[in-house]
Amino acid sequence: PGQRHVAELFGSVLADAALRVEQAQQLAARERERQLQARLAELGALAASVAHDIRNPLNIISMAVALAPQETRAEVGVQVNRIAHLASDLLDYAKPWKLQPERFDLRALADRLAAREPALRLDAGWPEALWVDADPRRMEQALVNLVDNARGVAPDGCTLVAEPGEGWLRLHVCDNGPGVPEDLRERLFEPFASRSQGGTGLGLAIVARIAQAHGGRAQLTERAPWRTCFTLEIPQ
């Protein structure tokens, strides 16, 4: 009886301690979410202000070079578009999102994307149809961002692999570029940690937000024979 009593007391103390740990973790998670939303709200206000303030100067720059040589106009056009793209990505990353999920054929979306993206190939293992419940516009945006990221570092393009699983769907965008430096791996999906030349630095961060909004995650993974794979994982 004495040993049973001690065991019961120990079990009760352990259960109380586990409950306190769980409550502390929940509080910490809520606080992290509150801080994230506060940062996003601040970033959203800043992005809206920046986007508004740079549109007029960009238009003036574009008109000012109208009579310049073709090469100069082309270069200015590229840089103006890059700035406009950055402003657009800032607004998109910072504003509140509301997904509009529906059931759609992801294979059809992937075929359309491959038809207009010469750098993208579909892996031979894709099924004829792959029906998913997700926001099709956001899923396309995530895949486009991953392809753009690969295009900047992999001259041979990239491959899109579908891996349906038990309760999960994993989409891998893989390439044989130079790989990701060790000092970037831990912060790849943070804003402005891009590895691609000419990127805005928000493409992978937006991919991570899309994955999280669907209840999933984005991560850097390893899949032979490719050197680099980015994986978008969502529940199904």
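User: Which residues is N145 in contact with, leaving aside its neighbours within four places in sequence, and what does contact mean here?

Analyst: N145 is in contact with G203, I206 and V207, once neighbours within four places in sequence are left aside, where contact means heavy atoms within 4.5 Å. This is a predicted model, in which local features need pLDDT of at least 70 and side-chain atom pairs count only at pLDDT 80 or more, whereas totals for chains, interfaces and linings use all residues. Residues are numbered from 1 along each chain as its sequence is written, and side-chain values use heavy atoms, with hydrogens and water left out.

User: Why is N145 called buried?

Analyst: The relative accessible area of N145 is 15%, and buried means under 20%, with exposed over 50% and partly exposed in between, for a 1.4 Å probe and protein chains only; N145 therefore counts as buried.

User: What makes helix 4 mostly covered, and what caps its N-terminal end?

Analyst: Twelve of the 16 residues of helix 4 are buried, including M139, L143, V147 and A150. The N-terminal end of helix 4 is capped by D135, which has a side-chain oxygen 3.1 Å from the backbone nitrogen of R137.

User: Why is the pair R151 and D148 called a salt bridge?

Analyst: An α-helix has 3.6 residues a turn, so residues three or four places apart point the same way. R151 is partly exposed at 39% relative accessibility, and D148 is partly exposed at 29%. Together with E117, D148 and R151 are linked in a network of salt bridges.

User: How many salt bridges does the structure hold, and what makes the pair R217 and E233 one of them?

Analyst: The structure holds nine salt bridges. In the pair R217 and E233, the side chains meet at 3.1 Å, N to O, a value that falls within the 4 Å limit. R217 lies in strand 6 (residues 217-221) and E233 in strand 7, so the pair ties together parts that are 16 residues apart in sequence. R217 is partly exposed, with a relative accessible area of 45%, whereas E233 is buried, with a relative accessible area of 3%.

User: What makes the contact between the side chains of T231 and T221 polar?

Analyst: A polar contact is a pair of N or O atoms within 3.5 Å; within protein, one must be able to donate a hydrogen and the other to accept it, and residues adjacent in sequence count only if both atoms are side-chain atoms. The side chains of T231 and T221 make such a contact at 2.6 Å. T231 lies in strand 7 (residues 228-235) and is buried, because its relative accessible area is 3%. Not counting residues up to four places away in sequence, T231 touches several residues, among them R170, H172 and R217.

User: How many aromatic pairs does a search of the whole structure find, and why is the pair of F189 and F230 called edge-to-face?

Analyst: The search finds one aromatic pair. F189 and F230 form an aromatic pair with 6.0 Å centre to centre and 80° between the planes. Rings of Phe, Tyr and Trp (its six-membered ring) pair if their centres lie within 6.5 Å, and planes under 30 degrees apart count as stacked, over 60 as edge-to-face and the rest as tilted, so the pair of F189 and F230 is edge-to-face. F189 lies in the loop between helix 5 (182-185) and helix 6 (203-213) and F230 in strand 7, so the pair ties together parts that are 41 residues apart in sequence. F230 counts as buried at 2% relative accessibility.

Note on methods:
Helices (H or I, at least four residues) and strands (E, at least two) are DSSP runs, numbered from the N terminus.
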